[in-house]
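Open the model in your viewer and keep the selection tool ready. Each stop on this tour says what to select and what is found there.

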Amino acid sequence: MEPRVAISCNHLKFTYFEESRPILDDVTLEIPEGSITVLMGSSGCGKSTLAAVLCGLLPENGGFLTEGTIELFGQPLKEMNPSKRAAFVSMMFQNPDLQFCMETLREELYFCMENIRIPAGEMKEKAEIAAKAMETEHLLDRPLHSLSGGEKQRAVLTCIYLLDAKCIILDEPFANLDPASVGDMMVWMKMLCKEQGKTILAIDHMSDHWIGTADRFVLLGRGAEILAQAENEEDLEKCKGIFKQEGIAYPGIWAETEIAPNENDFGDFGLYLKQLKMPKKPVSTKKRLFARKERIPANLKAQDSLLYEADALFPQEKITAILGPSGCGKTSLMMTLLNQRKYLGSIEVVEKAGAREVADIGMKGTFAEVGIAFQNPSNQFITQNVTAEVTDGLSRRYPEESEEQIKERAIAMLDTCGLKPYQEFSPFMLSQGQQRRLAVLSVLAAGQKLLLLDEPTYGQDYISARALMDQVREKVLDEKLTVIMVTHDRGLAETYADVIYNVKDQKLCLETGVGK
Amino acid sequence: MRLSTLDRINPFVKSIVILVCCIMMAITQSWQVNVAVFLVWFAAMLVFSKCKIKSLILTLVPVVFLALIVFVSGLFAGNAGVDSDSLYTVGNLESALVLGTRILSYVIFGLLFAFTTDSKEFIMSLMHQAKVKPKFAYGVLAAVNLVPTLQREWAEVNLAYQARRKSTGIIPFGPMFNTLVNGIRWSENVAMAMESKGFDGEGERTYSIETRVGAKDYIYAIVSVVIMAVIIVVFH
């Protein structure tokens with residue numbers, strides 16, 4: 001029997017502003033029931049907009065659907081109210097922090113059931129059945145904000161399971177999950193699809209982890225125009241040309257990426273971590289008025305630590321990548337290197353001029369020598385103008401140059417990452433991917449010798465990630481910077497990093513680099 | 001965990017009763033009334049709620065301090081004209097006492113509400129008793145639950161300013177702007193997530209907790225107002 005059509009849309013045309021170019025331009029798509037489809041496309045091609053439109057969240061929350069119709073199982077979407085729609089389609093968003101309105105998963109599940117008008121008497125039992133099915137019983141009564149990214153996404157899935165929506169639309173749900181959690185999610189996706197008969201439509205710009213799970217890949221171009229469709233690996237292989245042209249990553253693309261070799265020698269200089277112990281509960285280095293001076297207990301136990309007796313060398317003038325599961329202390333290590341958290345053991349900066357202990361350098365001194373790009377880029381903009389973000393660092397670095405010269409330098413830097421057309425924009429108006437690139441550029445501009453990059457390519461398509469990393473690489477070679485980056489993207493790390501550490505059993509295990 | 005008597009009063013009723021008591025108090029001008037109100041409600045909190053005397057006193061320390069400041073400034077600065085017919089002709093001491101003690105009595109009402117009310121239950125009762133729309137009520141709940149995220153982001157924004165060697169000034173307008181912009185984006189995100197879970201805002205829905213107004217709430221309201229009236233009659 002031919003499967004029914006779950007989602008179908010005809011000649012969709014959608015714009016955010018009445019006069020502007022349509023984001024979706026004449027999109028026609030059919031998703032068969034009980035299948036897993038992955039929509040892929042470069043940043044800004046309209047794939048997220050398409051997802052929101054198919055869910056009915058747009059144009060309800062903004063924008064104009066000027067042409068076209070959407071049907072869910074043959075019923076027009078337009079005629080459904082949110083409560084009825086929830087029976088057909090539910091969505092999972094990219095940022096796991098922003099998907100809940102209640103304090104705990106149990107309350108959130110109750111909230112979902114209230115929405116679809118389930119009597120109060122049945123709620124407790126139903127919530128427990130859903131939690132059992134998705135193995136989230138242990139999360140039910142924990143505050144949602146204390147869960148990890150992976151756990152939060154599981155919690156969202158529990159809500160969706162409970163709502164019993166026939167279709168699930170996922171908008172880059174795995175962008176900030178570690179590979180283990182992604183693998184875990186894939187198992188759930190398969191289960192929901194094969195055993196529960198759900199239709200899954202996922203939006204992603206990485207295909208790697210979907211191989212073996214997805215039934216169909218759809219490649220989107222500008223205006224969400226369908227460029228190609230693939231049903232298996234062979235088909236995918238054939239589409240490589242289009243992938244490349246659109247700047248989207250296909251499986252194994254990083255292995256094929258060639259970059260300039262790092263000719264800088266491995267010297268004896270760099271950051272030496274010796275018997276480093278990092279407590280789970282952060283102990284701030286800040287001095288507070290009236291507050292008792294905090295100390296890490298000298299006999300800190302392994303179970304209270306993130307890193308325990310870890311040794312490592314982050315060599316000078318090289319890129320070091322740190323891989324590892326979420327919550328293993330990668331970001332905390334960055335904060336420690338930035339002199340924000342106290343530690344036990346030693347972190348020594350060894351340079352030509354001699355060796356210094358990080359804790360002795362002082363906060364101001366650290367900021368003069370270390371630059372950082374955070375995970376959430378919109379938190380680190382200090383001006384209202386894209387160019388000014390970059391000139392701020394440049395003018396401190398080249399105090400003798402005139403304003404025009406600085407501006408020229410800034411625009412040249414923006415140009416390398418495709419941000420030149422936005423030079424007069426406010427940084428807050430850029431897309432997530434663009435913001436991230438700008439954040440890294442602004443750190444590069446300031447000219448500190450050590451750069452800490454926290455997930456620099458998260459949410460980027462292949463072309464943007466490459467442009468950004470090429471720029472970082474060039475600065476490492478030319479200006480002899482030392483870069484330490486934290487990432488979940490192994491392919492990227494293997495391509496660009498000279499040294500790779502993997503956090504395992506509270507230690508930093510060397511994978512490639514110094515001495516190997 | 002057993003709830004205390006005051007914990008079980010409907011939050012909306014509780015807030016209305018407090019409002020009525022405050023208005024009644026506002027029309028009197030007697031420090032004796034203020035002190036009596038303070039003592040009676042302080043005692044009521046100790047007896048009928050689970051809050052501990054230690055935490056209550058600790059919370060009151062800054063309030064007493066504030067009351068003292070008002071009292072002292074009223075005493076010296078409240079320069080009442082001898083010939084005028086204004087309320088303060090009774091003398092500086094009297095008016096300063098009224099002002100100072102009034103702060104105490106208002107605060108004790110506020111504490112009673114804060115110490116014995118669950119914020120979620122209060123919002124639920126606004127929806128059920130005051131007929132506030134679910135859209136608004138759940139919006140407030142969502143905002144309240146975003147606070148931990150907001151705190152984390154705020155710390156990060158401030159660190160970013162430091163890391164980029166930019167002073168934030170005494171009033172950190174820069175970080176405020178960042179957080180505000182983020183906040184708007186988040187609220188959109190959360191609203192979409194809620195809608196995708198079937199939240200309608202205006203349509204019909206069921207409720208996991210339904211707050212009701214019962215006999216105990218009426219008794220509470222009447223007893224409170226009567227005590228208030230007695231205090232006013234006796235001391236005024």
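How many residues of chain A are in contact with chain B? Select the two chains of this predicted model: 45 residues of chain A are in contact with 40 residues of chain B.

Stay on the side of chain A that touches chain B. Helix H2 (82-85), strand S6 (89-92), helix H3 (105-115), helix H4 (120-133), H5 and strand S16 (370-373) of chain A each supply at least two of its residues. Select H3(A) next; with four residues, H3(A) gives the most to this side. By type, the residues of chain A on this side are 27 nonpolar, 14 polar and four charged.

Now go to helix H6 of chain A, residues 179-194.

Which residues of H6(A) are buried? Select A:Ser181, A:Met185, A:Met189 and A:Leu192. These cover an arc of only 85 degrees around the axis, so they sit on the same side of H6(A). Show what surrounds them: the buried residues pack against strand S3 (36-41), helix H5 (149-163), strand S7 (167-171) and strand S8 (199-204) of chain A. Then turn to the face of H6(A) directed away from the buried side, where A:Val187 and A:Lys194 are exposed.

For the last stop, select chain B and colour it by domain. Domain 1 takes in 11-118 + 213-235, and domain 2 takes in 134-196. The C-alpha centres of these two domains of chain B lie 36 Å apart.

Methods. Residues numbered from 1 in each chain as written. Chains lettered and ligands numbered in written order. Predicted model: local features only at pLDDT ≥ 70, side-chain atom pairs only at ≥ 80, totals over all residues. Domains from an automatic or database assignment. Expected span 1.5 Å × (residues − 1). Buried ≥ 20, exposed ≤ 12 C-beta atoms within 10 Å, placed from the backbone. Arc of directions from axis to C-beta. Contact = placed C-beta atoms within 7 Å. Nonpolar A, V, L, I, M, F, W, Y, C, P; charged D, E, K, R; others polar.
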